[in-house]
Amino acid sequence: SVVVSAATAGTLWMNMGTADFAVVCIAPWMVMSFWLFMVTYLQHHSEDGKLYTDDTWSFERGAFETVDRDYGKWINRMSHHMMDGHVVHHLFFTRVPHYNLEKATKSLVK
């Protein structure tokens, strides 16, 4: 909850001091937030993306408008293939667990 998060942050800040709190808590949080924002933005936007109206949009069309982005073997693996298997994630999110995204993406591309 927001109250628990604010209380925890406040307690850490009071016990650590501003400089240590900024280095230990704020800097990693900002890096993670930037990474999450950029990856999410890039997965859902592309130069050839289409805009749909309420009448033309469907779940499947929206899923196929997402973009698989390859960030290299290790980053893809550390992210559970959420970035290079994003289309499959949107199409089959209730049926394909993250550890099978790589295999399912290769099958979809075939």
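Where is His-81 found? This residue sits in the loop between α4 and α5. Keep in mind that you're looking at a predicted model.

| His-80 | positive, about 60 degrees | not a glycine |

Now for the helices. Two packed helices are described by the angle between their axes and the distance between the axes. Take helix α1 (residues 2-16) and helix α2 (residues 18-44): they pack at an angle of about 130 degrees, and their axes are 7 Å apart. The crossing of α1 and α2 is right-handed.

Which residues of α1 and α2 make the contact? On the α1 side you'll find Ala-9, Leu-12, Trp-13 and Met-16, while α2 brings in Thr-18, Asp-20, Phe-21, Val-24 and Cys-25. Sorted by class, this contact has 7 nonpolar residues, 1 polar and 1 charged.

Finally, have a look at the largest pocket. About 220 Å³ of space lies in there. What lines the largest pocket? The residues are His-44, His-45, Ser-46, Gly-49, Lys-50, Leu-51, Tyr-52, Trp-57, Gly-62, Glu-65 and Thr-66. By class, the lining divides into 3 nonpolar, 6 polar and 2 charged residues.

How values were computed
Residues numbered from 1 in each chain as written. Predicted model: local features only at pLDDT ≥ 70, side-chain atom pairs only at ≥ 80, totals over all residues. Heavy atoms only, no water. 1 Å grid on protein atoms, 1.4 Å probe; cavity = no way out; pocket = protein on both sides within 12 Å on 5 of 7 lines; lining within 4 Å. Points joined across faces, edges and corners; volume = space filled by probe spheres on them. Nonpolar A, V, L, I, M, F, W, Y, C, P; charged D, E, K, R; others polar. Axes fitted to C-alpha atoms, helices over the stretch in contact; angles between N-to-C directions. Helix = DSSP H or I, 4+ residues; strand = E, 2+ residues; numbered from the N terminus. Left-handed = near helix turned anticlockwise from the far one by under 90°. Contact = heavy atoms within 4.5 Å.
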